[in-house]
Amino acid sequence: MPYIYLPEKTHMEFIENENLKIAVNPRGAELTSLYDKITNTEYMWGGDPAFWGKHSPVLFPIVGTLKNNTYYYEGQAYRLSRHGFAREMQFTVADKTETSITFSLVSGTETLQTFPFSFRFYITYALQSKSLSVTYYVINGGPTPMYFSVGAHPAFKVPIAEGTRYDDYYLEFGKEEDAGRWPISKDGLIEEQPVPLLSGKKLPLTKSLFYKDALVFKHLKSGSVSLKSDTTDRGFNFQFPGFPFMGIWAAKDADFVCIEPWCGIADSVDTSQDLTQKEGINRLEAGGVFERGWKVEIF
């Protein structure tokens with residue numbers, strides 16, 4: 001398996017089937033490797049800290065940036081850093097088989113200081129044939145409605161095949177699109193108007209595409225997108241049903257692309273900062289269960 005940049009003394013969890021092997025770091029329940037055993041091909045970004053030291057952070061209980069890193073709930077101010085706290089917390093293995101593993105994170109004193117809701121958050125990774133499915137379960141353990149966001153941030157290696165270049169690849173959406181990107185302000189907030197970008201199904205990849213930060217889309221028609229190339233048959237299909245927002249991003253001049261389905265989005269520049277009124281926020285009733293998932297099938 002190719003070298004992956006990881007902190008020293010990191011304990012990894014592995015599952016595999018006849019085609020694939022994955023590695024997940026319990027810190028953040030972060031997917032770090034998606035390895036094709038048949039072709040000896042790694043599909044995940046290696047996490048080179050010279051560009052971006054992560055692989056696939058889990059975004060919870062917010063997605064993106066809050067205005068002044070602050071939101072208000074029932075008249076009280078709370079602070080949360082970009083993308084929330086889950087990606088930096090230690091998850092527990094709740095269940096494991098040869099081809100699936102479930103991680104759990106439970107609210108406690110630490111989380112209640114910045115997010116005043118009781119919750120149980122589960123993430124299941126499961127392999128079937130040449131596919132990896134990732135499912136998020138959020139359970140409201142409190143007596144009142146809970147407001148939250150959840151999202152994915154997997155970084156896939158580009159180029160995948162030896163002898164190919166970054167700009168040999170393109171993204172192909174499942175349906176014809178006519179969608180603008182929503183610009184991001186210098187403070188990480190979503191601007192008021194989109195800028196035309198997507199027309200049709202195909203989005204060619206170039207490193208300069210991300211020089212102005214992520215491409216943020218709202219309510220795409222597609223529920224899937226594929227990474228393809230005319231110079232190799234290696235790529236993948238990424239399915240994200242039920243996620244109303246999408247980010248596509250790469251660090252400047254880095255050899256990866258992030259496909260980021262979100263149930264939630266960064267604050268807008270004109271936000272009221274009231275959590276219950278936040279764009280894209282999910283309301284979960286007491287005792288309720290929220291479920292969303294995405295799947296990547298390699299080829």
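Guide: Two strands count as a pair if DSSP finds at least two bridges between them. E14 and E15 have 8 bridges, so they pass that test. They pair in the antiparallel sense. One note before we go on: this is a predicted model.

Visitor: What makes E14 and E17 a pair?

Guide: The count again. At least two bridges are needed. Strand E14, residues 169–181, and E17 have 5 bridges. They therefore count as paired. The sense is antiparallel. In E17, Lys228 is the bridge partner of Tyr170.

Visitor: How do you know that E17 and E18 pair?

Guide: Strand E17 covers residues 224–229, and strand E18 covers residues 236–239. They share 4 bridges, and the sense is antiparallel. The test asks for at least two, so the pair stands. Ser224 has Gln239 as its bridge partner in E18.

Visitor: Where do these strands sit in the sheet?

Guide: Read the order of the open sheet: E7-E8-E9-E10-E22-E18-E17-E14-E15. It has 9 strands, with antiparallel pairing.

Visitor: Why are E7 and E15 called edge strands?

Guide: Count their partners. Strand E7 (92–96) has a single partner strand, and so does strand E15 (195–204). One side of each is therefore left without a neighbour in the sheet. Across this sheet, neighbouring strands are turned by 20° against each other on average, direction ignored.

Visitor: What holds strands together in a sheet, in general?

Guide: Strands of a sheet pair through backbone hydrogen bonds, either parallel or antiparallel.

Visitor: What makes E3 and E4 a pair?

Guide: Strand E3, residues 30–36, and E4 have 2 bridges. At least two are required, so E3 and E4 pair. They run in the antiparallel sense. Tyr35 has Glu42 as its bridge partner in E4.

Visitor: Which strands make up that sheet, and in what order?

Guide: The order is E1-E2-E3-E4. This is an open sheet of 4 strands with antiparallel pairing. Strand E1 (13–16) and strand E4 (41–42) stand at the edges. Each has a single partner strand, so one side of each lacks a neighbour in the sheet.

Visitor: How do you know whether Ala29 is buried or exposed?

Guide: Start with its place. Ala29 is in the loop between strand E2 (20–25) and E3. Its relative accessible area is 0%. Buried means under 20%. Ala29 is therefore buried.

Visitor: What stands out in the backbone of Ala29?

Guide: Its phi is near 45°. That is a positive value in a residue other than glycine.

Visitor: Asn40 has a positive phi too. Is it buried or exposed?

Guide: Phi of Asn40 is near 55°. Asn40 lies in the loop between E3 and E4. Its relative accessible area is 55%. Exposed means over 50%, so Asn40 is exposed.

Visitor: Why is Thr271 called buried?

Guide: Thr271 has 16% relative accessibility. The limit is under 20%, so Thr271 counts as buried. It is in the loop between E20 and strand E21 (282–284).

Visitor: What about Ala266: buried or exposed?

Guide: Ala266 also lies in the loop between E20 and E21. Its relative accessible area is 7%. That is under 20%, so Ala266 is buried.

Visitor: Which residues is Ala266 in contact with, beyond four places in sequence?

Guide: Val63, Gly64, Thr65, Gly188, Ile190 and Lys278. Contact means heavy atoms within 4.5 Å.

Visitor: Which residues touch the most other members of the largest nonpolar core?

Guide: Phe121 and Tyr125 do, in a core of 94 residues. Strand E20 (residues 256–263) gives the most to this core, with 6 residues.

Conventions. Residues are numbered from 1 along each chain as its sequence is written. This is a predicted model: local features need pLDDT of at least 70, side-chain atom pairs count only at pLDDT 80 or more; totals for chains, interfaces and linings use all residues. Side-chain values use heavy atoms; hydrogens and water are left out. Axes are lines fitted to C-alpha atoms, for helices over the stretch in contact, and angles run from 0 to 180 degrees between N-to-C directions. A nonpolar core is a set of buried Ala, Val, Leu, Ile, Met, Phe, Trp, Tyr and Cys residues joined through side-chain atoms within 4.5 Å. Buried means under 20% relative accessible area, exposed over 50%, partly exposed in between (1.4 Å probe, protein chains only).
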